[in-house]
Amino acid sequence: MSTFDAILQGFSVSLTPANLWFTFLGCLLGTIVGVLPGLGPAAGIGLLLPITFTMDPTSALIMMAGMYYGAMYGGSTTSILINTPGEAGSVMTALDGYQMARNGRAGAALAVAAIGSFIAGTIGIVALSLLAVPLAEVAIDFGPAEYFCLMLFAMAAVSSLTGSSVAKGMFATMLGLAVATVGVDLQSGLARFTLDVPQLEEGIDFLVVVVGLFAIGEVLSGIEQYLRGDTAVLRIQGRLWLTREEWRRSVGPILRGSMIGFFKGVLPGAGATISTILSYVLEKRLSKHPEKFGTGMIEGVAGPESANNASTCGVMVPLLALGIPGSATTAVLLGAFIMYGIQPGPLLFDTRPDLVWGLVDSMYVGNLMLLILNLPLVGLFVRILYIPKTILLPMVLAICLIGVYTINNSTFDVWLALGFGVLGYAFRKLDIPLAPIVLAVVLGGTMEQSFRRALSISDGSPAIFVSSGIAITLLIAALVMLCLPLIVALVARMRRRSRQAGGASVAH
Amino acid sequence: MTSRSTSSKRRAGGIRARMFAAFAALALGAAVQAQTVPLDKPLTLVAHTAAGSATDLAVRELGKALQPIIKQPVLVVNRPGGSGAVQMTSLRDGPTDGYTLGLNTSSHLMVFHTAAKGKLKRDDFAWLAGLQTDPFVLYVRKDSPIKSLQDLVALAKQKAQAGEKLNVGGALPQGSAHSIAFSIFAREAGIPFNWIAFSGNGEIAPAVLGGHVDVGQTNPGPLIPLAKSGRVRVLAVMNATRISSYPDVPTYAEAGFPVDTTWAQLRGIFGNRNIPKDMQDKLTRAILLAAQSDSWKAYMERSSLLPLNQDQQAYTALLAKQEKIGVQWMHEIGLLKE
């Protein structure tokens with residue numbers, strides 16, 4: 001049976017009324033999980049597991065997968081409207097999405113997030129259908145040394161997000177790296193910077209940092225504005241839908257974001273978050289107006305939102321083809337496979353084509369459902385912006401704190417998030433960029449662990465970092481990423497000198 | 001006595017087979033009580049890991065199996081942090097009526113000497129029942145020249161002569177239950193090694209398949225997909241006997257390395273030591289009954305876990321023995337000093 005026939009066969013499974021219902025239910029639950037900061041898809045699926053045991057395995061897995069990619073849709077809504085990323089993969093969306101909302105383009109931002117996610121999801125599924133088995137074989141060529149080089153490349157890419165001042169950007173990055181070192185070190189087993197607090201032993205959860213810096217910091221800024229008498233409510237400017245101009249600018253980012261998302265997803269451990277970072281940085285680099293990123297550029301929403309959805313298809317590759325989970329969520333999904341007595345791996349494509357293709361095809365259907373579900377809701381969601389600040393701000397704060405509490409059922413995390421909130425507010429005042437902190441927290445842990453694993457394997461010889469073609473390529477790419485801004489800045493300075501223009505400072 | 005009246009009430013309207021069972025049970029008196037251990041209010045089980053983990057799954061499966069026995073709902077609460085320190089603190093400082101219990105692993109014992117040193121100790125708790133053993137297995141990729149544990153040791157010795165060490169991919173840091181297990185084997189075989197710590201088999205497996213480490217160590221359950229699809233060769237299982245999910249895989253002793261197999265990842269149920277003694281007994285009985293239920297046994301089989309089913313006395317003794325071995329290794333690895 002050819003792959004094409006198999007895909008068609010899969011639709012006979014995924015289009016049964018029962019499975020359509022479970023796809024819908026999964027997408028709906030996923031959207032909810034995505035909207036709530038703290039409760040992520042991994043925990044959501046974990047909670048669902050014991051309930052689904054009596055279900056047909058295919059239906060159960062269809063529902064769980066729906067929850068996974070549904071969460072990626074849901075996360076963007078709160079990022080855009082209230083600057084609260086509901087999901088790690090939605091952090092980058094907040095940077096320009098929220099600014100778009102402030103510029104009165106919330107409807108367009110939500111619409112492009114939904115459309116981008118749909119297109120990316122579809123591209124990702126096609127790639128998953130055609131490339132799953134061969135790609136999984138490439139993924140295992142990435143050892144600790146290659147992962148370190150990949151992280152270095154991502155860090156180098158992030159360096160372009162430093163904002164107006166290199167020094168402030170460096171400070172933010174260092175702070176993020178420092179936060180990433182808190183907890184029991186995975187290699188030595190020694191506790192670092194835990195101050196004898198047991199809650200710090202397992203490190204500071206990434207979401208605590210994000211919710212604190214972004215959302216709670218935003219609430220504090222909002223309170224300040226209110227106290228100053230600024231009670232202006234954001235107004236939607238122009239039509240709710242995308243303008244022709246916005247649509248034209250989004251197509252490229254959506255397509256590039258889909259590619260990045262899918263291939264990063266294939267690599268175990270690299271995951272959705274890094275793909276959104278790379279997509280954002282790429283769009284910024286390609287843009288004619290990189291300085292406008294962070295002020296509400298639709299490219300900065302379209303790219304990352306597409307990347308995070310495509311990556312959910314990418315991570316299915318090692319899961320289905322090898323039985324290797326590439327993320328926390330797929331680790332729980334693997335648990336579900338084992339629970340049903342199904343062994344993922346190359347054989348699964350032969351032994352249970354109904355399950356594999358039923359699942360894959362349900363993702364086509366689910367993506368369409370999410371688009372239909374989300375687009376009409378854009379009009380409803382943007383009304384959140386019309387809520388007076390005296391009601392909206394306490395609501396946002398409450399959602400944030402509940403979300404943070406649910407990560408570990410710990411009040412300690414709530415205090416920590418509030419602390420990061422105050423820090424986020426202060427950094428806004430001092431014009432210290434927040435994104436590098438968050439990204440360093442995400443990348444720092446993996447980068448350090450990969451580095452040390454690699455050196456353990458080589459008995460301390462740094463030659464391991466140039467021992468493979470993949471590693472060397474990534475190192476060169478990182479170097480280019482690092483040098484590029486210097487060259488660009490140099491060129492710009494020379495131009496400025498020749499022009500002798502002055503006075504135009506960067507507006508906030 | 002309440003147990004007898006409720007169970008006979010339920011059976012009164014049953015079909016003939018049920019009647020017969022009731023009579024038979026009446027005749028056996030004690031056996032009737034063994035069917036259920038009714039409790040007065042809902043029971044809370046506290047997991048020390050996040051929802052979706054192997055330990056969380058064990059708690060939820062136990063909860064499912066316990067409900068019909070205690071005739072009360074079971075609530076599962078996740079309290080991660082400090083490798084169990086957060087969960088244990090909440091249990092020690094919580095109510096002592098026996099309606100809040102936790103699931104423990106072997107790693108809990110090490111926390112008394114590391115994260116919670118001087119704050120928590122084994123005697124703060126009643127170790128009610130041992131439920132399961134999760135042994136360790138060693139594996140290589142299918143096309144590796146290493147076919148047996150003997151081959152692995154030969155490679156390690158050959159590397160040692162060249163001034164290199166065997167690279168072992170395993171879960172969690174030096175001093176974890178996983179790393180101690182390999183240390184026990186390496187001592188027996190007389191080989192040096194590098195412990196390359198990963199967060200779990202999801203990270204270990206790609207490193208083994210890609211040839212980035214020489215050998216991987218994990219638990220049998222997570223390895224099933226790769227073993228069944230023939231992508232990896234399982235060299236040996238660290239257990240006293242072979243295990244049913246890997247019938248062709250020899251034990252370490254069969255492969256020529258008779259190590260002490262007391263060291264395995266254990267899971268059981270514990271609570272505050274001030275729970276009244278008769279309540280403790282009741283709980284132990286209920287938990288061991290749940291471990292005999294069909295749903296629990298099916299879960300154990302699926303996940304390649306071995307039944308432990310020890311009562312309070314046996315489980316407490318086993319944990320004491322484990323703690324001693326663990327502390328000794330923590331000293332040798334250099335994580336404990338005194």
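The model is predicted. Across the chain contact, 49 residues of chain B meet 48 residues of chain A.

**Contact between chain B and chain A**

- On the chain B side, 49 residues take part, and on the chain A side, 48.
- Several elements of chain B give two or more residues each to the side that touches chain A.
- The helices among them are α4 (54-70), α5 (85-92), α9 (201-209) and α10 (220-228) of chain B.
- The strands among them are β2 (74-78) and β7 (193-198) of chain B.
- α9(B) gives the most to this side, with six residues.
- By residue class, the side of chain B that touches chain A holds 21 nonpolar, 18 polar and ten charged residues.

**Domains of chain B**

- Eleven residues from domain 1 of chain B and ten residues from domain 2 of chain B form the contact.
- On the domain 1 side, α6 (107-111) and α13 (312-333) of chain B are the elements that give two or more residues.
- The largest share of that side comes from α13(B), with four residues.
- The domain 1 side that touches domain 2 divides into five nonpolar, five polar and one charged residue.

**Positive phi at A:Asp431**

- A:Asp431 is not a glycine, yet its phi is positive, at about 65 degrees.
- This residue sits in the loop between α18 (411-430) and α19 (435-457) of chain A.
- Is A:Asp431 buried or exposed? A:Asp431 counts as exposed, because it has 12 C-beta neighbours inside 10 Å and the exposed class takes 12 or fewer.

**Positive phi at A:Asp459**

- A:Asp459 also is not a glycine and has a positive phi, of about 55 degrees.
- Its place is the loop between α19 and α20 (469-499) of chain A.
- A:Asp459 has 13 other C-beta atoms within 10 Å, so it is partly exposed.
- The partly exposed class lies between the exposed limit of 12 or fewer and the buried limit of 20 or more.

Conventions
Residues numbered from 1 in each chain as written. Chains lettered and ligands numbered in written order. Predicted model: local features only at pLDDT ≥ 70, side-chain atom pairs only at ≥ 80, totals over all residues. Contact = placed C-beta atoms within 7 Å. Nonpolar A, V, L, I, M, F, W, Y, C, P; charged D, E, K, R; others polar.
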